[in-house]
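This note sets out numbered remarks on the model shown below. Please read them alongside the coordinates.

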Amino acid sequence: MSSGLIFVLSAPSGAGKGTVLKQVMERVPGLALSISHTTRASRSGEADGVHYHFTDRDEFRTMIARGDFLEWAEVHGNMYGTSRWALETLLAQGLDVVLEIDVQGAGQVLRKMPAPPVTVFLIPPSLAEMERRLRARATENEGALSLRLANAEQEMRVVADYEYLVVNDRVEDAARQLAAIIYAERAKHRRLLSGAPAPLWSGR
Ligand code: 5GP
């Protein structure tokens with residue numbers, strides 16, 4: 001596998017992850033978002049192969065049995081997973097990759113990858129604001145929305161296990177902060193991987 005960086009980004013539903021990520025993908029070159037498989041029904045405006053690979057449960061289970069997934073989890077009653085193929089295809093292109101996955105998936109990736117990925121947790125400024133955003137989005141019925149809110153409290157318990165925490169109060173600020181984390185990590189790793197660089201101050 002190539003030496004591209006892997007960024008694991010987790011956030012409770014309604015934290016504004018999609019909006020923040022969109023801005024980050026636009027402003028950071030050389031970065032790709034891994035497209036997950038899910039058994040969730042597509043929302044209006046979502047396209048197969050773009051937002052997710054929409055898959056039925058039988059096909060998803062076949063993929064699990066074949067060992068196709070680097071990680072997978074049941075989230076809010078649906079199954080989601082990152083295929084090894086999706087990740088390796090992007091890394092082979094020399095890209096750094098964002099895995100936008102839940103806390104269970106993040107744990108699996110951390111246990112499996114030889115080089116630990118960079119972990120970032122995005123939180124909304126408050127639970128009340130998160131609920132307001134989820135309701136404004138209007139993509140879930142009341143039952144699904146309640147489940148997402150209940151799961152959010154659960155997910156927030158593992159915030160401390162992540163290396164970076166970004167509060168999404170204003171989208172532009174959160175996107176700038178996430179982009180800064182990516183650039184900082186690139187500088188760190190590139191320097192490590194390319195061996196000791198000639199000192200800039202040597203003057204020879
Ligand atoms: P949504 O249905 O709102 O698109 O996503 C619901 C949750 O599933 C989010 O927390 C999202 O991060 C998570 N998720 C999306 N793709 C994956 C994946 O491939 N693996 C895991 N473990 N979680 C995922």
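How much space lies in the largest cavity? The answer is about 40 Å³, and point 2 takes up the residues around it.

1. Basis of the note. The model is predicted, with local features requiring pLDDT of at least 70 and side-chain atom pairs counted only at pLDDT 80 or more, whereas totals for chains, interfaces and linings use all residues. Numbering runs from 1 along each chain as its sequence is written, and side-chain values use heavy atoms, with hydrogens and water left out.

2. The cavity. A search of the whole structure returns one cavity of 30 Å³ or more. On a 1 Å grid over the protein atoms alone, a cavity is a set of points where a 1.4 Å probe fits but cannot get out, and lining residues have an atom within 4 Å of a point. Grid points are joined across faces, edges and corners, and a volume is the space filled by probe spheres set on the points. The lining consists of Phe 7, Leu 9, Leu 21, Val 24, Val 98, Val 120, Leu 178 and Ile 182. At least two lining residues come from each of strand 1 (6–10), helix 1 and helix 7 (171–193). By class, eight of the lining residues are nonpolar, with no polar and no charged ones; Ala, Val, Leu, Ile, Met, Phe, Trp, Tyr, Cys and Pro count as nonpolar, Asp, Glu, Lys and Arg as charged, and the others, Gly among them, as polar.

3. The pocket. A pocket is an open set of points with protein on both sides within 12 Å along at least five of seven lines. The largest pocket holds about 1,200 Å³ of space. It is lined by 42 residues, of which Lys 17, Gly 18, Arg 43, Tyr 52 and Glu 100 are the closest to its centre. Two or more lining residues are given by each of helix 1 (17–27), strand 5 (69–75), strand 6 (78–83), helix 5 (127–137) and helix 6 (142–156). Helix 1 contributes the most, with six residues. The lining comprises 16 nonpolar, 14 polar and 12 charged residues.

4. Overall fold. The protein has seven helices and nine strands, these being DSSP runs numbered from the N terminus (helices H or I, at least four residues; strands E, at least two). Of the contacts with a separation of 6 or more, 68% join residues 24 or more positions apart, contact meaning heavy atoms within 4.5 Å.

5. Ile 101. This residue lies in the loop between strand 7 (96–100) and helix 4 (103–112). Ile 101 is buried because its relative accessible area is 6%, where buried means under 20%, exposed over 50% and partly exposed in between (1.4 Å probe, protein chains only). Leaving aside residues up to four places away in sequence, Ile 101 touches Val 8, Leu 9, Ser 10, Glu 71, Thr 82, Ala 106 and Val 109.

6. Ala 115 and Gly 143. Ala 115 sits in the loop between helix 4 and strand 8 (118–123) and is exposed, at 54% relative accessible area. Gly 143 belongs to helix 6 and counts as partly exposed, at 49% relative accessibility.
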